[in-house]
Amino acid sequence: MPMGRARLQEELLATGCPEHIVRATLRATYRKVNEQDLAMQVVTMAGRTASAQTPGRVARLLSQRGFDEDTIETVVGPLMREER
């Protein structure tokens, strides 16, 4: 399942990878990939496996996957409007 920048950084650092290599990897990876698109992939994948995904659950899932608050707001905002 796709992950956000913070989660990838955490996992790479946990392997003992030097911080300067982690930073370079993150820059290269997220220069080519839109984090919002990755977050939408997570939401789509989660929607297939769990029924009745609430915006709060989606936000928690994205946070656990390492997406930042701005990305989460952008993705979850439309879900909250649909729920009303």
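Which residues does Q9 touch, not counting residues up to four places away in sequence?

**View 1. Q9 and its partners.** This is a predicted model. Q9 is found in helix α1. Leaving out residues up to four places away in sequence, Q9 touches V22 and L26. L26 lies 17 residues from Q9 along the chain, yet their C-alpha atoms are separated by 7.2 Å. Q9 has 34% relative accessibility, so it counts as partly exposed.

**View 2. Helix α1 against helix α2.** Two packed helices are described by the angle between their axes and the distance between the axes. Here the helices are α1 (residues 5–14) and α2 (residues 19–32). Their axes come within 10 Å and cross at roughly 150°. Angles over 145 degrees count as roughly antiparallel, so α1 is roughly antiparallel to α2. The crossing of α1 past α2 is right-handed.

**View 3. Side by side: the residues that meet.** From α1 come R5, L8, Q9, L12 and L13. They meet E19, V22, T25, L26, R27 and Y30 in α2. Sorted by class, this contact has six nonpolar, two polar and three charged residues.

**View 4. The largest nonpolar core.** In soluble globular proteins, nonpolar side chains tend to be buried together. The largest nonpolar core in this model has 15 residues. L62 and F67 touch the most other members. Two or more residues come from each of α2, α3 (35–49), α4 (55–64) and α5 (69–83). The largest share, four residues, comes from α3.

**View 5. Around F67.** Not counting residues up to four places away in sequence, F67 touches P2, M3, G4, E35, L38, A39, V42, L62 and I72.

How values were computed
Residues numbered from 1 in each chain as written. Predicted model: local features only at pLDDT ≥ 70, side-chain atom pairs only at ≥ 80, totals over all residues. Heavy atoms only, no water. Axes fitted to C-alpha atoms, helices over the stretch in contact; angles between N-to-C directions. Parallel < 35°, antiparallel > 145°, perpendicular 65-115°, else oblique. Left-handed = near helix turned anticlockwise from the far one by under 90°. Contact = heavy atoms within 4.5 Å. Nonpolar A, V, L, I, M, F, W, Y, C, P; charged D, E, K, R; others polar. Buried < 20%, exposed > 50% of the residue type's maximum accessible area, 1.4 Å probe, protein only. Core = buried A, V, L, I, M, F, W, Y, C linked by side-chain atoms within 4.5 Å.
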